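Please look through the structure shown here together with its sequence, and then follow the paragraphs below with both in view.

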Amino acid sequence: MRCPPLLFQDSATNNLLVKRVAAYIVAGVVLLLWASCNEKIADNPAVNKTPRTFLWLYPDSTISVGVSRQHLQWWGEDPDGFVRGYLFAFTPSRAAHTPSPDTLRYTWVTKTDTLMHFPLDTLFRYFTVFVRSVDNSFAGLDSHRSVRLTPNPYLDINENGIYDAGDQLLSGLQGAMDPIGAVQAFPIRNTPPHIAFLPNPNDPSIGLRQPDYTFTVAAFGFKGTDEDGDNTLASYRIALNDTSNAANWLTIPLRDTVVTLVVARDSSNFAPPGSGVLITADVFGGSFLGRHRIGRLPGLRLDAPNVFYVQSKDVAGEYSPTIRMPSGTQQWVVKRPRGKLLLVSDYTGNDADSARARYING
């Protein structure tokens, strides 16, 4: 069977048909290009893509135990814009993701790091940090403003955690923030405090110390510190000579970093004779004119060497190492007063040594 020809036998007819087909193809392409070039972007707006948030840690499991002062860093990435700021929050608990509904109290920040002091009041606790990045589709806020996300995002102006009169709805925040956020739990152990005697004002490189001999009045100055923050200090405690008995320690307030031990003259006069007789001293806090009595301290030895001990305590209940005065080969002997004359050894003339010897030996 013979198939019919695809084209007409007449070459002129064939040429005309080819030209018409080509014209139709060109016209179709032009129409498609014209339609695409005249499509308005406003008629087909792109949906905003939310940013992602990252913390600087990518642990395989729980991170190791750290101290309560941590340097935290974070950043955000936005596929169709830039990051305007961050919502930052933390809780004294362990969490793997943001709560639902999200009832956290966030703080608006634009920086990407902070030196964080976790408020530790126990020996060990977990804290969880939450960060959500917010892109440029949101106008932003002033730094450190309080933000809540439930029931709807709002600026918590009175910071009471309730949307009420005066608070401001943040209608554009929901679609601008990272819906998941970055979350990291930190196991934190309390750091024991430290304590040191106050420096000598005449030579700050050394601490104040008692003279080798005093009568029954002596002042001591000290100051505690804590790596978890000095605001975690709770109190001090002091003792004389024997620290093995808990009854010998006197707990004093944080304000009293200078204390004066005083034995009333009547008490020392009627104490039994002999070296090493134990007596109780009154303890005063504050400066001389504004001092106040804060307790009594047992165990002062008359006419014998004495040692003063002090410790600081933090809110987690841990004590600092004990420091003592005097230390090493130094001594502090408390003399029993015997006369009514008080000598203030503050004479600095050329014959000061002779004058001092005259009073001591006379």
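In this predicted model, tyrosine 86 stands opposite serine 133, a residue of strand β6. The strands β3, covering residues 83-91, and β6, covering residues 124-135, pair in the antiparallel sense over eight bridges. In general, the strands of a sheet pair through backbone hydrogen bonds, and the pairing is either parallel or antiparallel.

Valine 65 belongs to the loop between β1 (52-55) and β2 (69-77).

Charged side chains also meet, and the whole structure holds ten salt bridges. One of them joins glutamate 159 and arginine 105, at 3.5 Å from N to O. This pair links distant parts of the chain, 54 residues apart, since glutamate 159 lies in the loop between β8 (154-155) and β9, and arginine 105 in the loop between β3 and β4 (106-109). Glutamate 159 is partly exposed, with a relative accessible area of 46%, and arginine 105 is partly exposed as well, at 35%.

Are the partners in the salt bridge between aspartate 156 and arginine 148 buried or exposed? Their side chains meet at 3.7 Å, N to O, and both aspartate 156 and arginine 148 are buried.

Methods
Residues numbered from 1 in each chain as written. Predicted model: local features only at pLDDT ≥ 70, side-chain atom pairs only at ≥ 80, totals over all residues. Heavy atoms only, no water. Pairing = 2+ DSSP bridges. Helix = DSSP H or I, 4+ residues; strand = E, 2+ residues; numbered from the N terminus. Salt bridge = Lys/Arg side-chain N within 4 Å of Asp/Glu carboxyl O. Buried < 20%, exposed > 50% of the residue type's maximum accessible area, 1.4 Å probe, protein only.
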